Amino acid sequence: MYQKKREEIEPCPLKYAFNLFGKKWNAWIYCSLVNNPSLRYTELKDILPDITDSALSAALKMFMKNDIIRRTSYDEIPPRVEYSLTDKGRSAVPFLQGLCNWSSSYNSGNPEYQMTHCSYCKFNKKL
């Protein structure tokens, strides 16, 4: 019979945060929604032109499942769907802003880390 080599690690709040925002496109999707009150799927695709439909759909579903964003459907022809941050989603801004400030301060002289996307962020201010 198979036995685990070690016990399960206790749930970690930091691991939860990095699972939400640490994947390739999630931080950019989140920041796009921080900077806009609501966006349609095609608007998100325009902001992030290199993202695949499957990656964007998966990220949006994951954010909705974790109550970070809300999906609002309008009963119109043609159908209209908009995505926006929930209160829980907005509460993560200071946490992510702190990570951005920390990363910027330690990578400002490193040419490998040209943080051009962050120049559009209205929260791009020191705490």
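Which residues is glutamate 82 in contact with, leaving aside its neighbours within four places in sequence? The legends below describe close-up views of a predicted model.

View 1. Sequence neighbours within four places aside, the contacts of glutamate 82 are Ser38, Leu39, Arg40, Arg70, Arg71, Thr72 and Tyr74. Glutamate 82 has a relative accessibility of 15%, and therefore counts as buried, the limit being under 20%.

**View 2. Tyrosine 74 with glutamate 82 and arginine 80.** The side chains of tyrosine 74 and glutamate 82 make a polar contact at 3.4 Å. Arginine 80 lies over the face of the tyrosine 74 ring, 3.8 Å from the ring centre.

**View 3. The ring pair of phenylalanine 21 and tyrosine 30.** The count of aromatic pairs in the model is 3. In the pair of phenylalanine 21 and tyrosine 30, the ring centres are 5.0 Å apart and the planes stand at 70°, so the pair is edge-to-face. Phenylalanine 21 is buried at 10% relative accessible area, and tyrosine 30 is buried at 2%.

**View 4. The ring pair of phenylalanine 21 and phenylalanine 63.** Here the centres of the two rings are 6.0 Å apart and the planes are at 40°, so this pair is tilted. The pair links distant parts of the chain, 42 residues apart: phenylalanine 21 belongs to helix H1 (residues 13-21) and phenylalanine 63 to helix H4 (residues 53-65). Both phenylalanine 21 and phenylalanine 63 are buried.

**View 5. The cluster of Phe21, Tyr30 and Phe63.** Ring pairs join these three residues into a cluster.

Key: Residues are numbered from 1 along each chain as its sequence is written. This is a predicted model: local features need pLDDT of at least 70, side-chain atom pairs count only at pLDDT 80 or more; totals for chains, interfaces and linings use all residues. Side-chain values use heavy atoms; hydrogens and water are left out. Buried means under 20% relative accessible area, exposed over 50%, partly exposed in between (1.4 Å probe, protein chains only). A polar contact is a pair of N or O atoms within 3.5 Å; within protein, one must be able to donate a hydrogen and the other to accept it, and residues adjacent in sequence count only if both atoms are side-chain atoms. Contact means heavy atoms within 4.5 Å. Rings of Phe, Tyr and Trp (its six-membered ring) pair if their centres lie within 6.5 Å; planes under 30 degrees apart count as stacked, over 60 as edge-to-face and the rest as tilted. Helices (H or I, at least four residues) and strands (E, at least two) are DSSP runs, numbered from the N terminus. A charge sits over a ring if NZ of Lys or CZ of Arg is within 6 Å of the ring centre and within 35 degrees of the ring normal.
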